Amino acid sequence: MLLRTRPTAAVVAAATLVAAVTVVGATLAAGTASAAQGCRIDYLPNEWSGGFTANVRVSPGDTALTSWTVTWSYPGGQRITGGWNAQVSQAGTAVTARNAAWNGSVPAGGSTEFGVQGTSTSGAAAPTGFALNGVPCNGVTPPPTTAPPTTPPPTTPPPTTAPPTTPPPTTPPPTTPPPTTNPPAGCAGAVLCDGFENQAGGAPAGDWSVVNPDCSGAGRAAVDTATTHGGSRSIRIDGAAGYCNHVFVRSNRDLSGVGTLRYGRLWVRHTTALPAAHVTLLAMTDTADGNRDLRMGGQNGALQWNRASDDATLPEQSPAGVALSVPLPTGRWSCLEFMVDGAQGQLRTWLDGAAVTGLTADGVATHDIDGQWYNRTWRPRLTDLKLGWESYGDGADTLWFDDVALGTSRIGC
């Protein structure tokens with residue numbers, strides 16, 4: 001791993017969080033390209049008692065789109081509380097989802113996806129009435145534009161059949177409810193879902209290995225039962241300042257099922273504010289970048305991504321760039337989420353459910369944000385997951401990690 005020391009000049013980080021869900025009007029607005037009647041909307045829910053997430057796939061059929069608006073109705077009991085990769089709103093039972101800035105164009109025969117999260121009541125019925133840019137989808141025939149011909153009523157009433165003299169047989173209800181399968185708590189079907197509850201000893205083992213990239217020193221990793229986010233165990237990292245104190249726990253699970261589109265979620269707690277110097281708390285090996293790590297950590301007091309191969313940072317380490325990021329709060333658990341799209345070369349980050357502008361690489365180089373990130377073509381292929389601490393100068397910290405998940409769609413907090 002190539003490790004370089006970043007400048008240590010402190011920069012004031014005052015960022016505005018961008019909400020992951022934008023409230024928009026419920027009135028349907030047609031996109032700049034209409035949808036064919038062969039369009040399809042696949043709604044794939046993951047439900048549990050009191051809540052749900054759903055992945056929604058938009059397939060326009062034989063007509064390309066330059067923008068899209070998807071609508072549907074919940075018969076009752078479901079309320080949208082969040083979403084990703086689209087601007088989602090709900091008015092009564094009607095839901096409207098409009099494309100984000102980066103996924104409005106969909107080729108003929110192609111598809112794109114977005115997701116929603118919400119609450120639900122017991123027995124809530126499945127959504128209905130899916131439409132794309134005002135055109136009914138999934139084989140539904142649009143209503144006729146003219147009224148069909150009518151037939152005059154008969155002059156004599158039709159014959160009637162006497163009701164049966166005995167009621168039809170009934171089937172008694174089952175004495176026990178049918179079995180149900182609940183999703184893993186807080187993981188939404190992720191490939192990796194671990195709250196470290198199977199860690200029996202004092203040192204991480206089994207599904208996790210302690211590793212020391214480059215060299216080891218004063219950094220330590222341990223299983224902790226005193227400070228946890230959920231359950232009875234977490235991973236504690238005692239991160240020391242200075243080079244050669246690198247310590248991580250690395251997942252031993254087979255992560256090949258994640259593929260090139262990777263969503264991660266972890267709960268993290270730490271004690272000391274991020275320093276001015278460069279530090280790392282999460283790393284993933286990129287086989288498309290010489291097996292160098294893609295790293296998340298901090299610099300100039302705010303969260304940042306860093307590419308080990310060329311030391312590019314997201315956001316750029318200018319006062320304006322750092323101000324578009326946020327500090328990692330101390331003394332409490334925070335939910336960190338990320339998305340890395342290896343096919344499109346894009347990266348997104350959420351803190352406690354809110355998107356962070358400075359930690360977004362959207363495929364188009366923007367000065368002070370991802371201009372440096374796109375100084376070359378970036379198409380990552382990530383193969384592992386490591387949690388821990390690296391310091392390249394100042395920056396000792398104590399951290400805890402818990403309820404870690406990795407999957408092919410956004411998992412949520």
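Biologist: Which classes of residue line the largest cavity?

Modeller: The general idea first: rolling a probe the size of a water molecule over the atoms shows where empty space is left. A cavity is a set of points, on a 1 Å grid over the protein atoms alone, where a 1.4 Å probe fits but cannot get out, and lining residues have an atom within 4 Å of a point. In this structure the lining of the largest cavity has three nonpolar, three polar and two charged residues. Here Ala, Val, Leu, Ile, Met, Phe, Trp, Tyr, Cys and Pro count as nonpolar, Asp, Glu, Lys and Arg as charged, and the others, Gly among them, as polar. The lining consists of Gly259, Thr260, Arg262, Val340, Gly342, Pro380, Arg381 and Leu382.

Before we go on, this is a predicted model: local features need pLDDT of at least 70, side-chain atom pairs count only at pLDDT 80 or more, and totals for chains, interfaces and linings use all residues. Residues are numbered from 1 along each chain as its sequence is written, and side-chain values use heavy atoms, leaving out hydrogens and water.

Biologist: How much space lies in the largest cavity?

Modeller: About 40 Å³, where a volume is the space filled by probe spheres set on the points, which are joined across faces, edges and corners. The search of the whole structure finds one cavity of 30 Å³ or more.

Biologist: What is the strand order in the open sheet of five strands?

Modeller: Strands of a sheet pair through backbone hydrogen bonds, either parallel or antiparallel. Here the order is 6-7-4-9-10, with antiparallel pairing. Strands are DSSP runs (E, at least two residues) numbered from the N terminus, and two of them pair if DSSP finds at least two bridges between them. Strand 6 (86–91) and strand 10 (135–136) stand at the edges with a single partner strand each, so one side of each has no neighbour in the sheet. Inside the sheet, five bridges join strand 4 (residues 69–73) to strand 7 (residues 94–99), and threonine 71 has threonine 96 as its bridge partner in strand 7.

Biologist: How many disulfides are there?

Modeller: A disulfide is a covalent bond between the sulfur atoms of two cysteines. The rule is a pair of cysteine sulfur atoms within 2.5 Å, and the count comes to three. Cysteine 39 and cysteine 137 form one of them, with the sulfur atoms 1.8 Å apart. At -105° about the S-S bond, this link is left-handed. The pair links distant parts of the chain, 98 residues apart.

Biologist: Is cysteine 193 buried, partly exposed or exposed?

Modeller: Buried means under 20% relative accessible area, exposed over 50%, and partly exposed in between (1.4 Å probe, protein chains only). Cysteine 193 is partly exposed at 31%, whereas its disulfide partner, cysteine 187, is buried at 2%. The torsion about their S-S bond is about 80°, so this disulfide is right-handed.

Biologist: Which aromatic residues form one cluster?

Modeller: A pair of aromatic rings is described by the distance of the centres and the angle of the planes. Rings of Phe, Tyr and Trp (its six-membered ring) pair if their centres lie within 6.5 Å; planes under 30 degrees apart count as stacked, over 60 as edge-to-face and the rest as tilted. The cluster holds Tyr43, Phe52, Trp68, Trp72, Tyr74, Phe114 and Phe130, and the structure has 11 aromatic pairs. Phenylalanine 52 and tyrosine 74 are edge-to-face, 6.0 Å centre to centre with 70° between the planes. Both phenylalanine 52 and tyrosine 74 are buried. Tryptophan 72 and phenylalanine 114 are stacked, at 6.3 Å and 25°.

Definitions and conventions: 1 Å grid on protein atoms, 1.4 Å probe; cavity = no way out; pocket = protein on both sides within 12 Å on 5 of 7 lines; lining within 4 Å. Helix = DSSP H or I, 4+ residues; strand = E, 2+ residues; numbered from the N terminus.
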